[in-house]
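Please look through the structure below.

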Amino acid sequence: MTMLFTDRIPARTFGIDSGSTVLGFRKTTRKTALSRLTRTIPVDAAHTFDPAFFAQIRLWWEWHNTREPLAVTGPAGCGKTTGVLQFLARVNAPVVTLTCRRRMDKYELIGRWGPGEDGSLTWYDGPAALAWRHGFVLVVNELTAAPADVWVSMNDLLEGDDLVNDRTGEVIPRHANTRVILTDNCRLGSTTGDTGYVARNDQDRSVFERCWHIALSFPDAETELAMLAKKTASSLTGLDAKRTDALLRASVAFARKTREAQLEAKGRIKPAAVSPRTLLRFTELMGALMLAGNTAQAALTTALDLSLAAGCSPQNRGHLQHWAAWAFSDLV
């Protein structure tokens, strides 16, 4: 089934230096009855698309077979959900989302009965039913947090078939524009031996084989530095350029050292790694504390604890303090 695109979006909208376009939808600010059912994803001008990720998700998005889901996997905070949502925001696609949990069942996707406005029993569509009925993009986060039998029981969703609601007897034909994107910290082929994620469930091979797959990782050092500079531009305004540059470079070096240590660690207990999300919080905190008159050393200690370290075990906190001292040795 071919998607009913209504516009072509310039690749430069995604920060890609190219004269090509991406199939999408005409942007509108007009509110409709369906608007309240979807998420509004604001475009983050500071977001930087990895060219390889952009090329891969674009290929899936424009592929003739729109039935197959896309699975995007990678370590926490590396930009999986953000990258997906920022792509969808730029192609103006309507989005419904669901985050999986350990004790969920398939009806969290399909829907539920509940009291209506007049007190009578009313059926409320879940995110999958809404996507199938109206042509939304369904984004499912933390897929392996759900029991494996949830996804085995949702084969019609993974196959792109009509969605059967066995509680109402309704069969919902799949809209031409319906798409499914799955994100997870663990590879769908195996959750065993990954970097410390808990309550994860190995999924049936049939789930793995029905998907396209994109594996993301953290950005390279220069890209991450540029992204951090964009996102902290307003919060670090009071620092002079030389000190700001030193802070940003030390922060990125610190974050990358923690990730290297986590990859090199043996055994099931892994040291904490600083994700881009945590890195932004840490850098803004440290900058704010320095602007408030704290010494760089005091700012480093406080920002490190507030952003991550105080929530870790004493051993992990010690590791983080050691790596931070190494990275910020020239600044403090």
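Where does Glu 142 lie? Glu 142 is in the loop between strand 7 (137-141) and helix 5 (148-152), where helices (H or I, at least four residues) and strands (E, at least two) are DSSP runs numbered from the N terminus. The model is predicted: local features need pLDDT of at least 70, side-chain atom pairs count only at pLDDT 80 or more, and totals for chains, interfaces and linings use all residues. Residues are numbered from 1 along each chain as its sequence is written, and side-chain values use heavy atoms, with hydrogens and water left out.

Most residues other than glycine have a negative phi. Glu 142 has a positive phi, near 55°. Its relative accessible area is 24%, so Glu 142 is partly exposed (buried is under 20%, exposed over 50%, partly exposed in between, with a 1.4 Å probe and protein chains only).

Asn 92 also has a positive phi, near 60°. Asn 92 sits in the loop between helix 2 (80-90) and strand 4 (95-99). With a relative accessible area of 23%, Asn 92 is partly exposed.

Now to the helix pair. Helix 11 (residues 296-307) packs with helix 12 (residues 314-327) at an angle of about 140°, and their axes are 11 Å apart. Axes are lines fitted to C-alpha atoms, for helices over the stretch in contact, and angles run from 0 to 180 degrees between N-to-C directions. Helix 11 is therefore oblique to helix 12 (under 35 degrees is roughly parallel, over 145 roughly antiparallel, 65 to 115 roughly perpendicular, the rest oblique). Leu 300, Leu 304 and Asp 305 of helix 11 make the contact with Arg 317, Leu 320, Gln 321 and Ala 324 of helix 12, contact meaning heavy atoms within 4.5 Å.
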